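Dear colleague,

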Amino acid sequence: MLKHAPGRGLLFSGSDWNFQTLSHAYDAIDIVAKEELGLDTYPVQMEVISSEQMLDAYSSIGMPLMYRHWSFGKHFLYQELLYRKGGRGLAYELVINSNPCIVYLMEENTMALQALVTAHAAFGHNHFFKNNYLFRQWTDAGAILGYLDFAKSYIQRCEERHGVAAVEAILDAAHALMEQGVFRYRRPPRLSSEKQREGLRERLDYEERSYNDLWRTIPRQAAAGKAGDTQDVAAERKKALNLPEENLLYFLEKNSLILEPWQREILRIVRVVAQYFYPQRQTQVMNEGCATFVHYTLMNALFDQGRIGEGAMLEILRNHANVVLQPGFDDPRFSGINPYALGFDMMRDVQRIATAPTAEDRDWFPEIAGTGDWRAIMLEAWANHRDESFIRQYLSPALIRKWRLFVLSDVASERVYNVASIHNERGYEQIRSTLAERYDIGARHPDIQVVDVDLLGQRHLRLQHKINRGILVESDSCDAVLSYVQALWGYEVSLQGVDAQTGATVYERSGREIVSSS
């Protein structure tokens, strides 16, 4: 990217842009981002793409390098149909959590919009990716692009060697289990280096040449059955297999008795991709709120310096207003809480509490109210919180009133809803806690773990679903999980639903029942 010394006067005039203008605007935004907000970012690689290329990026879950799968093409056709018929617009930008940070800009954007999305993505999202603890602990921004290049070429080789149908069968099962293919409570292993990946290629080639079909020849029932197990034997078995195991794809990759080496590596590729997106699922409000707050602050700072004209600023504010629009519950456009709107409003509210607090703010936030140093507060929050903890700590009564939030009590045994929490001191606490729980993915997604497996007898794999608040897995989803796990395991699989509080068995479903019913 070309570098220009910071100058005075307007950064651009009119709606047309060229690469020199983009570079000039980037340099000016970079200076303000460091001086005004103290942002710390990865180096940036900016790419200008067409609308069709943006649709293609949508279909491959936003990654610049991705293996082939039929679901990506299906998603592309669906998004293209909506776009051509005017049913939806396209994102003005797309940003990749990598080092360097890759930012895609739409070539149809005006220059004012290019400046806005540069501040939003190349600085807001970029800073959040680099500094938030979830991304630091759970992703490897420096290695992800190299790993995806390896994954794409490896799966292509598998298709050439084993056939597209065989590869797609493994990918279908792995994609269906992606939500259960992440480490939630322990840090995953780091991605391998290029040298290690080259060694892996050689090892897999050797294993495929010398693969022993031993497990297929062992009888399905051995002399040592489940009945002979003692508690000590079962405990030793679970200890050796590190059970219970929350990551189903990891367990199947390491312990399946029927998978060949190339199939295990495909499972590993899919779970690495799932793990890469795991922090993003926990930080949507914070990530989008951070990027929106950053672009709003930086664009206003450049306008105050006379670097952006009034006409361009009006266009920027109009696009900003569209981004943070929160439709009412009775609006046809309503689809839930807009993460851009909630995140931006919360961060602006923190800024207000730090600089101009009310007596109520001082009671609720004694540590930050009136300190004046909103930048330090914001940088700390961006680095150390996810959506659930950020809302639980920083959602204020003033913002609850502005958003007109309240809690409805939904009890299955009652015919009507009850308003359980309103705008009083006790209600504010409950509203904040209830909203925070909505963003706790551990509470929203079913907790299904491998709890036992009989390796010497029937090789029966037992899964357990810990049921929270009486929320069961839908029968179709339950059957789908069992069928895909059974396809990868090769033997009987059962799923037991257990109440997380009492330990009582609520339901039990077996893969054998699914096969017999179908």
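Predicted model: local features only at pLDDT ≥ 70, side-chain atom pairs only at ≥ 80, totals over all residues.

Residues are numbered from 1 along each chain as its sequence is written, and side-chain values use heavy atoms, with hydrogens and water left out.

The protein chain has 23 helices and nine strands, where helices (H or I, at least four residues) and strands (E, at least two) are DSSP runs numbered from the N terminus. Of its 518 residues, 49% count as buried; here buried means under 20% relative accessible area, exposed means over 50%, and partly exposed lies in between, with a 1.4 Å probe and protein chains only. Among the contacts (heavy atoms within 4.5 Å) with a separation of 6 or more, 74% are between residues 24 or more positions apart.

Turning to the sheet, four strands form an open, mixed arrangement in the order β6-β7-β8-β9, two strands being paired if DSSP finds at least two bridges between them. Its edges are β6 (447-453) and β9 (505-510), each of which pairs on one side only, and the twist from one strand to the next averages 25°; axes are lines fitted to C-alpha atoms, for helices over the stretch in contact, and angles run from 0 to 180 degrees between N-to-C directions. β6 runs antiparallel to β7 (residues 461-467), with six bridges joining the two; Q449 has Q464 of β7 as its bridge partner, and D447 stands opposite K466 in β7. Although β6 is an edge strand, six of its seven residues are buried.

Elsewhere, helix α4 (residues 111-131) has 21 residues and reaches 29 Å from its first C-alpha to its last, close to the 30 Å expected at 1.5 Å a residue, the expected span being 1.5 Å times one less than the number of residues. α4 bends by about 25° at T118, the bend being the angle between axes fitted to the seven residues ending there and the seven starting there. The helix is mostly covered, with 20 of its 21 residues buried.

Some backbone details deserve a look. A cis peptide bond, with omega about 10°, joins N99 and P100, and P100 is placed in the loop between β2 (93-96) and β3 (101-106). R404, in the loop between α19 (397-403) and β4 (407-409), has a positive phi near 55° although it is not glycine, and R459, in the loop between β6 and β7, likewise has a positive phi, near 60°. Are these two arginines buried or exposed? R404 is exposed, with a relative accessible area of 68%, whereas R459 counts as buried at 2%.

As for cysteines, a search of the whole structure finds zero disulfides, taking a disulfide as a pair of cysteine sulfur atoms within 2.5 Å. C290 is buried, with a relative accessible area of 0%, and C478 also counts as buried, at 5%.

With best wishes
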